[in-house]
Amino acid sequence: MSLRPFPGRRSVLRGSLAASAALTLPTAIGAAPAFARSGRPRAEWGVQTGDVTCDSGLVWVRSDRPARMIVETSATESFHNARRWHGPLLGAGTDFTGTTRLRGLPSGEQIHYRVLLADPYDPRRVGEPVTGTFRTASARRRDGVRFVWSGDLAGQGWGINPDFGGYRIYDAMAALKPDFFLCSGDNIYADGPIAASVTLPDGSIWRNITTEEKSKVAETLTEFRGNFRYNLLDQNLKRFNAQVPSIVQWDDHEVTNNWYPGEILTDSRYTEKNVDVLAAHARQAFSEYFPVSTLRRPDGRVYRVVNHGPLLDVFVLDMRTYRNANSPGSGPTDPQGILGAEQLRWLKRELSRSRAVWKVIASDMPLGLVVPDTGDGKPNIEAVAQGDPGAPLGRELQIAELLRFVKHRRIAGTVWLTADVHHTSAQHYQPSRAAFTDFEPFWEFVSGPLNAGAFPANKLDGTFGPERVFLKAPTTANVSPAGGYQFFGEVDIDGHSGELTVRLREADGTVLFTQALQPGRVGQ
């Protein structure tokens, strides 16, 4: 698959924030804008696109005051014969953010767009346009698909460090000219305050840009919004957002560590102990700061399938909203599991309907890696695997049901991608090694973090017969980005052969591991 041309840097950077000399930002830049301000509306937080298909996509922007969102699209950077889309009125109710859906776009084409913000009281007063570009999914198989994935941003106190170059992993991902970026969750760390400086093991100092909202755990809607804004202070990320569409899911740290519905926190840092209250604030802020198509449905759900042409469907899971309480996971029955009954039915239905060559299951948590939750001093399990290598128990029962369904319905081309555990690895699941055998072999690939603490490898659970074919992880906990172990993955689907190649990469783009998979097979 050939690399695709991107527009010049000038068009992408137009309208971006100037770099600030100060590391500590005043409250005003993160606060809700005043209603009465001089000048014209400005889009200082850049632009984003999301959930792009063969003929549609979502465009996102944030204004510094009330404004009408207008999007213009064109086949060229000159915006000759531009098409205009009238978007929503941006106001305080959405923290001055807004999303406009573009429909009827040409398939497999580079779309240039610019966002204009107009004064709602005087439409002649229009701010400086902010530009971006994206490529629609191709309806032609021969064009192939390339995308990147990772997760875990600004975690464990490691924020935007100008001395380090900020979130520079985004430049390495952009260099591959992907069709889109799949973010596998932990887009923010609402439970992780960021201090101005951290002393590293060698005595050097890691310096963070700081904001008021990142000085404590997030409890109010304002604080959650501030967490999402924080990452947009990074110029690498803003530049990436203007060039590469996203498919975004969430995990725990958008709310708080290892959360589940109905949980009452014991963490002394929180005044608000009811996780459902925190999750409601987090979901609203998440929906305001990312262009996610299904969040605008009446049910406001995160899980969805994004169709990316004849080669690829992406099944985005939500392993948070519908899960049962974290427990040792040793029960012989578990009808709710980690997905909830309705999401499992949806996933089975959509997998069976899919005619794409490859069906990527975007999971915000790994399947066979034991992820403990010992926050309250109990031996609870946070993900699926619970450490017992025998027959499925607890949440494993739901995954066993899904794997059995894939086998018996002869659903070909399933691949699992995830992040969450802050190291990179490749696991091959094989019935001949497993306690549960009624499934076909499959692969699970793990990447991340983007910019967060790196951690040692998690133990494997033998229930589904995983073999760790590749691993790169530190031997000590919470290694800073300066210490390495920051990762992303690349998926490249050849348009002629249909072969899918996964490459696990370092933060600078160095390839660590490569695995090629053949199309048309139920098991790999």
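Let's start with helix α6. In α6, these residues are buried: V275, L278, A279, A282, A285, F286, S287, E288 and Y289. Keep in mind that this is a predicted model.

What do the buried residues of α6 pack against? They pack against two helix and strand neighbours you can find by number, among them β1 (47-50) and α4 (221-231). Also on the list are β2 (57-62), β5 (97-102) and β13 (246-248).

Now the length of α6. The helix has 15 residues, 275-289. At 1.5 Å a residue, it should span 21 Å. The end C-alpha atoms are 21 Å apart, so the two values agree.

Look at the start of α6 next. There, N274 points a side-chain oxygen at the backbone nitrogen of D276, to within 2.9 Å.

Two of the buried residues, F286 and Y289, also belong to a ring cluster.

On to aromatic pairs in general. A pair of rings is described by the distance of the centres and the angle of the planes. In this model the count is 26 aromatic pairs. Take W416 and F442. Their centres are 6.3 Å apart, with 45° between the planes, and the pair is tilted. W416 sits in strand β19 (residues 414-418), and F442 sits in strand β21 (residues 442-446). The pair therefore ties together parts that are 26 residues apart in sequence. Are W416 and F442 buried or exposed? Both are buried.

Compare W443 and F445. Here the ring centres are 5.5 Å apart and the planes are at 5°, so this pair is stacked. W443 has 8% relative accessibility and counts as buried. F445, at 0%, counts as buried too.

The charged end of R168 sits over the ring of F164, 3.7 Å from its centre. R114 lies over the face of F79, at 4.2 Å from the ring centre.

Last stop: strand β20, residues 424-429. How many of its six residues are buried? Six of six. In a regular strand, side chains alternate between the two faces of the sheet. In β20, T424, A426 and H428 are on one side, S425, Q427 and Y429 are on the other, and both faces are covered.

Which strands pair with β20? Strand β22 (residues 466-472) does, antiparallel, over six bridges. There, H428 stands opposite E467. Strand β21 pairs with β20 as well, antiparallel, over five bridges. In that pairing S425 stands opposite V446.

Conventions. Residues numbered from 1 in each chain as written. Predicted model: local features only at pLDDT ≥ 70, side-chain atom pairs only at ≥ 80, totals over all residues. Heavy atoms only, no water. Phe/Tyr/Trp six-rings, centres within 6.5 Å; stacked < 30°, edge-to-face > 60°. Helix = DSSP H or I, 4+ residues; strand = E, 2+ residues; numbered from the N terminus. Buried < 20%, exposed > 50% of the residue type's maximum accessible area, 1.4 Å probe, protein only. Lys NZ or Arg CZ within 6 Å of the ring centre and 35° of its normal. Expected span 1.5 Å × (residues − 1). Contact = heavy atoms within 4.5 Å. Polar contact = N/O pair within 3.5 Å; in protein donor to acceptor, adjacent residues only side chain to side chain. Pairing = 2+ DSSP bridges.
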